[in-house]
Amino acid sequence: REEVEELMIGFPPEHLWDRPAGMASVGFHLQHLTGVLDRLFTYARGEVLSEAQRECLEGEGKPDDKITVESLIQNFGQQVDRAIAQLKTTDESTLTETRGVGRAQIPSTVIGLYTHAAEHTMRHVGQLLVTIAWVKGGRVERLKGSGR
């Protein structure tokens, strides 16, 4: 969450849906980060996706003038809070239990879903960083205290 918030400081909102060199937009990455955590943690609870979750998935990356940078950052932060709360209440003994993923109910485990959520989130944070740098003209500002 902190890295995403810092990356988005000063991001020009008029470029939220730009797809430089055909890459996914910053708006897509912010929506997808939120959606992936929501979906994978839903599966980890042993639940199937709701209609609202499927609609959000369908809408990821589709430009919408009603969506703001601030709302996307806020939604992501709230989803991170929900994920942390779920992790705190997950019974350790359930981590190796099988969970079905998607409509096909492809088998995974609770810990597998949590691990994939972390890996997938970090992958998109990296892609977000590159896209932001491209949109800002190739300048990558050093994050405070990160050594990057």
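Helices α2 and α4 pack at an angle of about 20°, and their axes lie 9 Å apart, where axes are lines fitted to C-alpha atoms, for helices over the stretch in contact, and angles run from 0 to 180 degrees between N-to-C directions. Because angles under 35 degrees count as roughly parallel, over 145 as roughly antiparallel, 65 to 115 as roughly perpendicular and the rest as oblique, α2 is roughly parallel to α4. The crossing of α2 past α4 is left-handed, a term used if the near helix is turned anticlockwise from the far one by less than a right angle, with right-handed used if clockwise. Among the residues that make the contact are Gly27, Leu30, Gln31 and Leu33 of α2, together with Leu72, Asn75, Phe76 and Gln79 of α4; contact here means heavy atoms within 4.5 Å.

This is a predicted model, in which local features need pLDDT of at least 70 and side-chain atom pairs count only at pLDDT 80 or more, while totals for chains, interfaces and linings use all residues. Residues are numbered from 1 along each chain as its sequence is written, and side-chain values use heavy atoms, with hydrogens and water left out. Helices (H or I, at least four residues) and strands (E, at least two) are DSSP runs, numbered from the N terminus.

Helix α2 has 19 residues and reaches 27 Å from its first C-alpha to its last, close to the 27 Å expected at 1.5 Å a residue, the expected span being 1.5 Å times one less than the number of residues. This helix, α2, is mostly covered, since 18 of its 19 residues are buried, where buried means under 20% relative accessible area, exposed over 50% and partly exposed in between (1.4 Å probe, protein chains only). After α2 comes Gly46, with a positive phi near 85°. For α4, the 21 residues should span 30 Å at 1.5 Å a residue, and the end C-alpha atoms are 31 Å apart, which agrees. The buried residues of α4 include Val69, Leu72, Ile73, Phe76 and Val80, and also Gly77 and Gln79; the buried residues of this helix pack against α1, α2 and α5.

How many residues does the largest nonpolar core have? It has 30, and those with the most contacts inside it are Val4, Met8, Phe11, Leu16, Val26, Leu30 and Leu128. At least two residues of this core are supplied by each of α1 (2-7), α2 (26-44), α4 (69-89) and α5 (110-135), and the largest share, nine residues, comes from α2. A nonpolar core is a set of buried Ala, Val, Leu, Ile, Met, Phe, Trp, Tyr and Cys residues joined through side-chain atoms within 4.5 Å. In soluble globular proteins, nonpolar side chains tend to be buried together. Met8 touches Val26, Leu30, Val69, Ile73, Leu128 and Ile132, not counting residues up to four places away in sequence.

Several buried residues can be followed one at a time. Gln31, in helix α2, is buried at a relative accessible area of 13%, and beyond residues up to four places away in sequence its contacts include Trp17, Gly59, Glu60 and Leu72. Thr131, in helix α5, is buried with a relative accessible area of 1%, and, leaving aside neighbours within four places in sequence, Thr131 is in contact with Pro20, Met23, Ala24, Ser25, Val26 and His29. Val135, also in helix α5, is buried with a relative accessible area of 19%; not counting residues up to four places away in sequence, Val135 touches Phe11, Pro12, His15 and Pro20. Although Val135 and Leu16 are 119 residues apart in sequence, their C-alpha atoms are 9.2 Å apart in space.

The loop between α1 and α2 holds Asp18, which counts as partly exposed at 30% relative accessibility. The C-alpha atoms of Asp18 and Val135 are 7.9 Å apart, although 117 residues separate the two in sequence. Ala21, found in the loop between α1 and α2, is exposed, with a relative accessible area of 66%. Most residues other than glycine have a negative phi. The phi of Ala21, however, is near 55°, a positive value. Gln105, in the loop between β1 (98-101) and β2 (106-109), has a positive phi near 55° and counts as partly exposed at 38% relative accessibility.
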